[in-house]
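This briefing covers charged side chains and their pairing. Please read it alongside the model.

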Amino acid sequence: MSEKQAKAKAYWKENLRYLLLLLSIWFVVSYGAGILFKEALDTIKLGGFKLGFWFAQQGSIYVFVILIFIYVRLMNKLDKKYGFNEE
């Protein structure tokens with residue numbers, strides 16, 4: 001295996017690790033906070049709405065958008081680390 005192929009394989013492996021971590025966070029927030037922990041979160045109110053309802057309707061979307069920005073930042077760092085940046 002050439003050095004370029006080894007670099008590409010390491011890059012892809014780290015990329016998949018980031019994806020799994022970020023998607024796991026999103027799953028915990030959307031499924032966990034919106035469904036599993038709904039009753040516990042409903043004791044807290046946010047903007048007049050129960051927090052469990054808020055996470056099910058809005059929170060998971062906000063977290064997803066934030067995770068997209070985090071992913072972009074991580075990928076930019078990863079591109080620079082492995083020399084795949086476009087600059």
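A polar contact is a pair of N or O atoms within 3.5 Å; within protein, one must be able to donate a hydrogen and the other to accept it, and residues adjacent in sequence count only if both atoms are side-chain atoms. The model is predicted: local features need pLDDT of at least 70, side-chain atom pairs count only at pLDDT 80 or more, and totals for chains, interfaces and linings use all residues. Residues are numbered from 1 along each chain as its sequence is written, and side-chain values use heavy atoms, with hydrogens and water left out.

**Salt bridges**
- Two salt bridges (a side-chain nitrogen of Lys or Arg within 4 Å of a carboxyl oxygen of Asp or Glu) turn up in a search of the whole structure.
- Lys81 pairs with Glu14 in one of them, with 3.2 Å between the closest N and O atoms.
- This pair links distant parts of the chain, 67 residues apart: Lys81 is in helix 3 (residues 51-82) and Glu14 in helix 1 (residues 3-36); helices are DSSP runs of H or I, at least four residues, numbered from the N terminus.
- Lys38 forms a salt bridge with Asp42, where the closest N and O atoms are 2.8 Å apart.

**Accessibility**
- Lys81 counts as exposed at 55% relative accessibility, and Glu14 as buried at 9%; buried means under 20% relative accessible area, exposed over 50%, partly exposed in between (1.4 Å probe, protein chains only).
- Lys38 is partly exposed at 34%, while Asp42 is buried at 15%.

**Surroundings of Glu14**
- The Glu14 side chain makes a polar contact with the side chain of Tyr82 at 3.0 Å.
- Another polar contact joins the side chains of Glu14 and Lys81 at 3.2 Å.
- Leaving aside residues up to four places away in sequence, Glu14 touches Leu78, Lys81 and Tyr82 (contact means heavy atoms within 4.5 Å).

Note on methods. Helix = DSSP H or I, 4+ residues; strand = E, 2+ residues; numbered from the N terminus.
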